Amino acid sequence: MSQSVETKALSAAFLDAAKALLGDKGWRTDEASLAQVSMPWRTYQSGHTPFLALPNSTQQTADLVKLCALHSVAITPQGGNTGLVDGGTPHGEIVISMRRMTAVRGIDPFNNSLTIESGAALVHAQDTAKSANRLFPLSLGSEGTATIGGLISTNAGGVAVLRYGMMRDLILGLEVVLPSGEIWNGLSGLRKNNTGYDLKHLFAGAEGTLGIITAATLKLFPTVAKASAWITCSNAQSVVELLALIRDHAGDTVTSFEIIPANAIDMVRAEMPDIRDPNPSAEKWRVLCELSMAKETHARETMETALETALETGLAVDAVIAENLTQADSFWKIRESIPLSKRAYGASINHDVAVPVSQIPAYLEATQAEIAALVPSAEIVAFGHVGDGNLHYSACEPKDASEPILSDFSDQITAIVHKQAMNFGGSISAEHGVGRLKRDELETIRPIAATSAMKAIKKALDPQGIMNPNRVIRSD
Ligand SMILES: Cc1cc2nc3c(=O)[nH]c(=O)nc-3n(C[C@H](O)[C@H](O)[C@H](O)COP(=O)(O)OP(=O)(O)OC[C@H]3O[C@@H](n4cnc5c(N)ncnc54)[C@H](O)[C@@H]3O)c2cc1C
């Protein structure tokens with residue numbers, strides 16, 4: 001029986017050649033290093049790999065990929081390994097980690113662009129932009145570890161999508177090592193360049209299945225001053241109408257609009273007692289809203305005027321505007337602590353769905369009713385980027401459950417959450433991607449013509465199927 005490309009044993013000829021071209025610092029085969037890159041952030045199935053490569057240049061990456069192509073060795077590209085869909089965890093492939101490629105290749109404040117290598121953490125790109133009095137606006141909970149290459153490959157979103165778009169919208173050019181080992185140098189600071197297929201968009205969201213991104217030219221923006229508000233609402237319909245009201249006042253300066261249910265705050269407080277609730281209330285919802293403008297006074301005045309109207313009309317029950325950056329950071333601390341607190345709190349079944357913003361209230365009601373009928377004890381925590389229609393929807397085991405039962409219903413709960421998202425014209429993968437986790441389910445949802453086109457693109461670029469096989473689409 002023939003072996004799949006992932007599980008094929010590595011030959012001595014391949015290993016000797018790979019070690020020679022990578023040099024002593026460029027590879028690992030010890031158990032601890034291999035285990036570290038095989039452990040996903042989320043506790044789905046742990047992976048395994050026989051070899052970790054750590055190239056330090058685009059040429060070295062290209063030479064290694066050429067060698068892999070010659071020996072039919074499967075590759076999993078890896079950045080910070082913070083992905084949440086089992087895309088960057090190896091399942092027999094060698095890992096090519098980009099974590100030694102972190103250099104800033106250039107910054108052009110007048111062109112508002114930054115060229116940086118793909119293994120750099122997001123926070124490094126943000127800090128580099130800041131040092132030139134510019135802003136790189138992508139922001140998310142994993143920004144200390146997630147890398148530019150991983151963020152592009154998953155087309156990451158985060159908390160500023162409302163104003164600046166997703167990672168795809170923030171790239172001007174890419175440098176990529178193709179599955180043949182050929183280097184495509186598409187680094188460019190141009191904003192206008194209509195010269196045929198825009199190849200960079202093929203690699204954004206491809207999750208490492210079409211090549212290894214080695215560097216990117218990113219868009220920068222003017223720095224901004226912010227006004228942040230912690231707003232209490234009694235129901236989800238008010239939250240949706242509040243977004244429209246604030247946008248009427250502030251236009252597209254609404255940068256973040258995050259929804260937080262009261263029970264998520266309880267979880268954060270239970271697991272991290274040092275964190276304060278800025279405005280305790282028995283109402284069910286909070287919104288963390290941020291405006292960003294050139295001048296702080298304008299941002300604050302606009303927020304105040306919008307919130308006065310919201311309080312008068314009853315869309316908001318109460319609101320606190322941060323007095324300073326420290327207070328604004330304390331609002332964000334609660335929001336960013338939800339995933340970790342939820343994990344510490346106990347078992348949960350997690351989802352990343354999107355529906356049109358207007359459908360959020362009906363989606364929440366229908367989904368909760370169906371789950372309650374199946375598992376009355378399940379605690380629902382739905383939080384996240386409501387301004388983008390994106391909810392991180394979790395069913396959680398109650399802390400004091402005498403008999404844990406949630407995992408028995410895991411598949412049924414996921415089926416409900418996803419079915420309802422589709423019923424409301426939504427998506428079962430809003431920002432985290434496909435990986436192996438959602439690959440098969442998406443194949444039943446996506447139009448057949450789209451899957452055929454994706455398979456044709458994959459075959460054309462990677463005829464041997466060595467580049468992150470079985471992620472996004474099946475390799476057969
Ligand atoms: C606490 C927490 C909060 C998060 N919040 C958000 C959020 O708000 N929004 C959001 O969108 N995501 C979020 N994520 C998910 C995650 O951070 C993103 O998916 C991130 O983009 C992955 O980057 P990474 O460098 O860790 O990539 P990895 O996990 O290493 O890889 C992710 C995928 O990209 C591929 N890949 C990695 N590097 C390259 C490369 N150089 N070339 C080609 N392919 C590559 C991998 O093969 C894999 O398929 C969160 C994760 C955590 C743990």
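**Notebook: salt bridges**

At 33% relative accessibility, D440 counts as partly exposed. I use buried for under 20% relative accessible area, exposed for over 50%, and partly exposed for in between (1.4 Å probe, protein chains only).

I am working on a predicted model, where local features need pLDDT of at least 70, side-chain atom pairs count only at pLDDT 80 or more, and totals for chains, interfaces and linings use all residues. Residues are numbered from 1 along each chain as its sequence is written, and side-chain values use heavy atoms, with hydrogens and water left out.

I looked up the partner of D440 next. The side chain of D440 meets that of R474 in a salt bridge (3.0 Å, N to O). I take a salt bridge as a side-chain nitrogen of Lys or Arg within 4 Å of a carboxyl oxygen of Asp or Glu. This pair links distant parts of the chain, 34 residues apart: D440 is in helix α14 (residues 439–445), R474 in the segment after α15 (448–461). Helices here are DSSP runs (H or I, at least four residues), numbered from the N terminus. R474 is partly exposed at 33%.

I then checked E443. E443 forms a salt bridge with K455, with the closest N and O atoms 3.6 Å apart. K455 lies in helix α15 and E443 in helix α14, so the pair ties together parts twelve residues apart in sequence. K455 is partly exposed at 25%, and E443 at 30%.

I moved on to K419. Its side chain meets that of E370 in a salt bridge (2.7 Å, N to O). K419 is in helix α13 (residues 410–423) and E370 in helix α12 (residues 360–374), so this pair ties together parts 49 residues apart in sequence.

Last, I noted a network of salt bridges linking R105, E117 and E175. The structure holds 15 salt bridges.

Notes. Helices (H or I, at least four residues) and strands (E, at least two) are DSSP runs, numbered from the N terminus.
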